[in-house]
Amino acid sequence: MMDYLRLSKIMKAMAEPNRLQILDVISTGEKCACQILDHFDFTQPTLSHHMKVLMEAGLVTARKAGQWQYYSLVPERLAEFQALTAQIFKLDSEKRIDKKELLIK
């Protein structure tokens, strides 16, 4: 059975532009907070808030080393998100949406 509540929490966390960019930044591997902050024009407390939301959604995990937090994606949760969205949109490996079909005119 589809877990709509879980899916909506993931989507809500990802829907904020800065958090979406944070996910993109750490998609290449674990990053410390200082490395993530280099990509943004906001403070460390603001980053902490965004990371808390992403961690509560299960998208990101953290480990502390010295004074810094290191963040990385949770591959299992991302795979789950992909599977749930594919199920909603009735996608399978045979049926893909052409990117041209998604363009809004």
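1. A definition first. Ala, Val, Leu, Ile, Met, Phe, Trp, Tyr, Cys and Pro count as nonpolar, Asp, Glu, Lys and Arg as charged, and the others, Gly among them, as polar. On that basis, the lining of the largest pocket holds six nonpolar residues, three polar and one charged. Note that this is a predicted model.

2. Now the pocket itself. The largest pocket holds about 170 Å³ of space. Two elements each give two or more residues to its lining: helix H2 (17–26) and helix H5 (75–88). H5 gives the most, with four residues.

3. Which residues line the largest pocket? Met14, Leu20, Leu23, Asp24 and Ser27 are on the list.

4. Next, Lys31. This residue is found in strand E1, residues 31–32. Lys31 is buried, yet has no salt bridge. The nearest side chain of opposite charge is that of Glu30, 9.2 Å away. What does the side chain of Lys31 join in a polar contact? The partner is the side chain of Thr28, and the contact spans 2.7 Å.

5. Last, Leu37. It lies in helix H3, residues 33–37. Is Leu37 buried or exposed? Buried means under 20% relative accessible area. Leu37 has 18% relative accessibility, so it counts as buried. Leu37 and Leu47 are 10 residues apart along the chain, and 7.3 Å separates their C-alpha atoms.

Definitions and conventions
Residues numbered from 1 in each chain as written. Predicted model: local features only at pLDDT ≥ 70, side-chain atom pairs only at ≥ 80, totals over all residues. Heavy atoms only, no water. 1 Å grid on protein atoms, 1.4 Å probe; cavity = no way out; pocket = protein on both sides within 12 Å on 5 of 7 lines; lining within 4 Å. Points joined across faces, edges and corners; volume = space filled by probe spheres on them. Buried < 20%, exposed > 50% of the residue type's maximum accessible area, 1.4 Å probe, protein only. Lys, Arg positive; Asp, Glu negative; His and termini not counted. Salt bridge = Lys/Arg side-chain N within 4 Å of Asp/Glu carboxyl O. Polar contact = N/O pair within 3.5 Å; in protein donor to acceptor, adjacent residues only side chain to side chain.
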